[in-house]
Amino acid sequence: MDKSQLAEKTAHRAGDGGDGPRLTADDVGLVLDTLFGTVEHPGTIAEALKGREAVTLGSFGSFQGADGAATFRPGTALTAYLRDQIR
C-alpha cells in the first residue's frame, strides 16, 4: 500500500458511520506528511527523534532514535493483531 492508498482508505474509514465532518484523502495526506515528513521537510516524528525524544503511539508502538538511526518497536496490540490473536 502506498501513501495515496493509505490516505484514501483512512479517509474512507474515518467517514464510516459518523455525523461529524468528513476527512478527505488530501486531509489525511497532509497529516501523514506532517507526522512522517517529506523529502523537503522533516515531520514531527523525525524532529522529535532528532531531539532525542521517543515517540509512543499507544498500543501501536514507539519510534526511537539512536546513533543517527530510527527504530520502531511494535506495541502489544499491533503484535497481537498481526498474530491473529485479536480481530
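**A close look at helix 2**

Tutor: The buried residues of helix 2 pack against helix 1, which runs over 3–15. Keep in mind that this is a predicted model. Helix 2 covers residues 25–36, and its twelve residues should span 16 Å at 1.5 Å a residue; the end C-alpha atoms are 16 Å apart, so the two values agree.

Now take the buried residues by name: Val-28, Gly-29 and Leu-32. Because they cover an arc of only 105 degrees around the axis, they sit on the same side of helix 2. An α-helix has 3.6 residues a turn, so residues three or four places apart point the same way. The other side of helix 2 carries Asp-26 and Leu-30, which are exposed. After the helix comes Gly-37, with a positive phi near 90 degrees.

The largest share, four residues, comes from helix 2.

Ile-45 leads on to the next part of the picture. Leaving aside neighbours within four places in sequence, Ile-45 is in contact with Leu-35, Phe-36, Val-55 and Phe-63. Ile-45 also belongs to the largest nonpolar core, together with Ala-48, Leu-49, Val-55 and Phe-63. Helix 3, residues 44–50, supplies the largest share of this core, three residues.

Definitions and conventions: Residues are numbered from 1 along each chain as its sequence is written. This is a predicted model: local features need pLDDT of at least 70, side-chain atom pairs count only at pLDDT 80 or more; totals for chains, interfaces and linings use all residues. Side-chain values use heavy atoms; hydrogens and water are left out. Helices (H or I, at least four residues) and strands (E, at least two) are DSSP runs, numbered from the N terminus. The expected span of a helix is 1.5 Å times one less than its number of residues. Buried means under 20% relative accessible area, exposed over 50%, partly exposed in between (1.4 Å probe, protein chains only). The arc is that of the directions from the helix axis to the C-beta atoms. Contact means heavy atoms within 4.5 Å. A nonpolar core is a set of buried Ala, Val, Leu, Ile, Met, Phe, Trp, Tyr and Cys residues joined through side-chain atoms within 4.5 Å.
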